[in-house]
Amino acid sequence: MVERKIGWEPQGSHTLVGGEIQRVDGKVKASGQAKYTNDINTPGTLFAKLLTSPHAHAKLVLLNIEKAKGVKGVKSVLAIAKVGDEIQYEGWPIVAIAAERPEFAEDGLRAVEFKFEPLPHFVDGSDFKGAVEADVTVGGKPLKLTKSVGKSGQGDVEVALKEAKHVHRGTYGIHMITHMSMEPHGSHAAWDGENLNVALSTENVSGTSGQYVQPVGVDAMNVNIRCDFLGSGFGSKSTVDEWDVACAKLAKATGKPVRLMLSRTTEMQIGGNRPSAFAEVTVACDAEGNVTAWDSRHWGSNGLQGSIVDHDVTPYVFLPKTRQSVSTGIATNCSPERPWRAPHHPQACAYTQTALDDLAAKAGIDSLQFFQKNLNLTSLPHIYGPELEIAAKLIDWKGKWHPRGKGSGNGPVKRGVGVALHTWDGAANQSNVTLKVHSDGSVEVVTGSQDVGTGTRTCIAQVAADTFGVSMSTIKVSLGSNQFPKAGPSEGSSTIGGVTGPVRRTAQQALWKILDLVAAKYTVERTTLTARDGKVWLGEKEVCTWKQAATLVGPMGLELYGGPVTEDEGLTNHQVGGVQMAEVAVDTETGVIRIVKMVAVQDAGMIVNRLLARSQVYSGLIMGIAYSLSEERIMDNKTGRFINANLNDYKLPRIGDIGDLVVEFYEPESEYKRGVIGLSEPPVISTGAAISNAVANAVGVRVPVLPLTPKRVLDALKGAKG
Amino acid sequence: MKSFEYARPTTEAEAVEFLGENGIQAAILAGGTDLTSLLRAELVSPSRVVDLKQVPSLHQVTRLEGGVQIGALVTLADLATNPLLAGYPSLFDVVDGVRSIQVQGSGTIGGDLCHLPNCWYFRKGYGLLGQDNGVSLPETGDNRYHAIFGNEGAAKFVNASRFAPALIAWGAKVRIVGTSHKTTSRDRSGGSSVDAEWIPLEYFYVTPKTERQGNTILKPGQFVSHIWLPDANQITSATYEVLQMEGLDWPLAAASVCLDVDGGFVRGASIVMGHVAPTPWVAGDASRWLIGRQIDEDTAGVAADVAVSSAKPLSMNEYKVQIARTAVKRALLKATGQLDS
């Protein structure tokens, strides 16, 4: 008898789930056949461009769009800002113009008459003192105001510090970055009577139609959102933005389809912002290296809102019994924060685990042993413990670790290794699916989810095909429309769990119904039937083919609706742990750091697709290397502008910068049995701390602020020499 | 990008004609690496773009008067593979350092020499000097990539050319073509007669005191048609660029050297630094210090110290002094086969 229970098969029993399966849409993406929003060019499409503020803070005192309306090829001009508006950051949209050709739209923008009255600005979130002293007001309120002051803690830190054997004090930081999605934000909007059809570059297909209602004046039921392919968002594309609203309005005004994608510079200025974080940390341990106290004051900026990295992630992963932290958010004239892959975790990890590594050095303890010794202060010691052992072997920690700055070799290039740990919730989102088995045996799965690059289509097809025992080509997956069953946004590593759970459950239910029909027709015991290799089996005996079985559902097919998963079904879970180790080579005469090797050992519960999962971890490591070594949103104090908002000066790693990346999944039966847990965010979290710790190990000096540019490395080396 | 006329001459004479026409604001298109960015940012808005790619003489590398003449339109990729240039390894070091095969394939040596500064204030529209209401933004703002030499005046940017240090170290000359040059000699090229003049590349660059001066001696209507290098003979050479990134990136500082070494002792030396000043920066004192010495780790280090001894860093770029020093030291070691990796 085969037990009929919703859930995954025992580890090792799935045919496709857990395998190394290529993306089902890989070919159309690689060959350019996949249409991203920026590719949509329906007949008559007009091209829209934005005029934005070059000022970080200014009053708009003149705006005249009349001349622009008369420019050749210009079809509609829309003022987004109005005279008297207080412009609060560079890139603030002022006017949108739709024209027959992009260059006509640019001609139109040049014909707009405008004048700004510059106001004082403040853009440096690292400058706590400057923020206190700044004389900047926004809307009549001082911007210097620290917008959020938070405190948390337990125990008496003063006493703990006095009793400690080793106390370390240090200042750490990590600068603002921007999202750098390959495809910028934007949309293609077309009206068909009362219907507004939008191709939106979004991570939130099901959740965006309502956002058009008020600003555009349309009924939600008439808004059709599509996003078949997305050129990434990393958390920045869950909303309908003012430029999307402008696009829809321009389409209405002209009666033609309009496409408005942000330029690269504007994308960088206003399409995303990951907050900075800086911290003064005091951390202490006893003679054995057990961390006994944490005390931190941290600050930073997430742009105009002026909030700061959450308290609940400080200190990060390691929670000494006695601890306290005070945070101060600084409002700056920068575009507002948007969630960036594992919001706030990379920053908290960077200032916590570098400080702990410095404490280990002070106590004269091997960093790895120090972290291992203190795993009792984490919530996942049973995960981190074995992961650290695996990672240590993969990077040859024993062979490569040395006391700080004491590596072998007399040349200017010094090598070192570092370690850091992270955690993430990764619970499944609330997604619904419709699953239909046709009488010819083909299967359709429909959901309003999206593929943000993770491989949503592939994972759905894999789960359905695996459950029915058929090939993946038998499965058709449709997603990316708000006309499909509602699905949660792709935020917080929630999509694969969110969609595969309902698909698995619904496919199992459909399979059982079909097997019941087979059992009736062939007069066999229904609970003894299984489906695999395109056939239905009674033990090892073939009963019929899948196609023959499917005919039993009749010409209308079998259609089931699957609601969101709950964790008690056993299909999904939350909370994962991962560890990363870095080996770096630092040229002490130039300050240039090269990544030799990165090892990531990651728990993600049950892995659905090993190839795509590894891809996720690679991408986390690469983005982590970027913000660790070179990527920085450089805000110029003089002009208040994002001075490197172009791909020349905003330094992103290329293939030669990323070294050897080694990915290992920690998937023992205990974790496998928890089901699917999100994987996208975790691997980007501890990369910064691991690399920073490796650099400290190499050169014997902490380079306290990320990214670790040659300037910061050489300045730190010089500072250490005195 | 504003609309413009597109002209495609097939001879130098025709190019001069297209460029010099009255009332025309012309820009020259070679490989397009820089011009495209400048046009898109509307930092230049020419009424006519003159594309030199169809002028055959500009693509040639030929032997000429005790040296080699390189057409300004020769691409980086072609430069690296031309047998006539085999004796000039310091040029290949530059090609290697560019790393982007797209730029190597389309970028030209003439275009590189005329590449406008990457100073972010310039690229944001504050002009070559980066001034806002009379205040120098590079001086008072973020100058982490700016000049550490020759920055006493209004100009704080660094010269962007990757090849100029190597070419100047070799004693290169450039041929400037165009009608508005008044003291020209007659020259023949491509069957047509044009005004042209050869000048040492070292004197091609200027440190502007005012916005209108530009950063080269080129006047409207003129362009660089060729570069001439003396025979390499026994000279050894190398370029060392300090690059933060392995991909396409601008050097933080660079140095090119040419050495005449006889029996292990330096008879002649020429050291030129790049990306440290508004012009390529000739390190005369360091070059002279090396004469009569053997090059090793120690002497290369002292020469490098001498080369950077007069550096005057701005508020945020002191680290560049150390980087420039390293570039000089490593270029010397590289040229003499003493640099690992």
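In this predicted model, helix H13 of chain A meets helix H14 of chain A through A:Thr456, A:Cys459, A:Ile460, A:Val463, A:Ala464, A:Asp466, A:Thr467 and A:Phe468 on the H13(A) side, and the partners in H14(A) include A:Thr495, A:Ile496, A:Val499, A:Arg504 and A:Leu511, where contact means heavy atoms within 4.5 Å. The residues of this contact divide into eleven nonpolar, five polar and two charged (Ala, Val, Leu, Ile, Met, Phe, Trp, Tyr, Cys and Pro count as nonpolar, Asp, Glu, Lys and Arg as charged, and the others, Gly among them, as polar).

Two packed helices are described by the angle between their axes and the distance between the axes. For H13(A), residues 456-468, and H14(A), residues 495-522, the angle is about 25° and the axes lie 9 Å apart, which makes the two helices roughly parallel, a term used for angles under 35 degrees. The crossing of H13(A) and H14(A) is right-handed.

We can now turn to the cysteines. The count of disulfides over all chains is zero, a disulfide being a pair of cysteine sulfur atoms within 2.5 Å. A:Cys247 is buried, with a relative accessible area of 0%, where buried means under 20% relative accessible area (1.4 Å probe, protein chains only). For A:Cys285, the closest cysteine sulfur belongs to A:Cys349 and is 19 Å away, again too far for a bond, and A:Cys285 counts as buried at 0% relative accessibility.

Residues are numbered from 1 along each chain as its sequence is written.

Technical notes: Chains lettered and ligands numbered in written order. Predicted model: local features only at pLDDT ≥ 70, side-chain atom pairs only at ≥ 80, totals over all residues. Heavy atoms only, no water. Axes fitted to C-alpha atoms, helices over the stretch in contact; angles between N-to-C directions. Helix = DSSP H or I, 4+ residues; strand = E, 2+ residues; numbered from the N terminus. Parallel < 35°, antiparallel > 145°, perpendicular 65-115°, else oblique. Left-handed = near helix turned anticlockwise from the far one by under 90°. Buried < 20%, exposed > 50% of the residue type's maximum accessible area, 1.4 Å probe, protein only.
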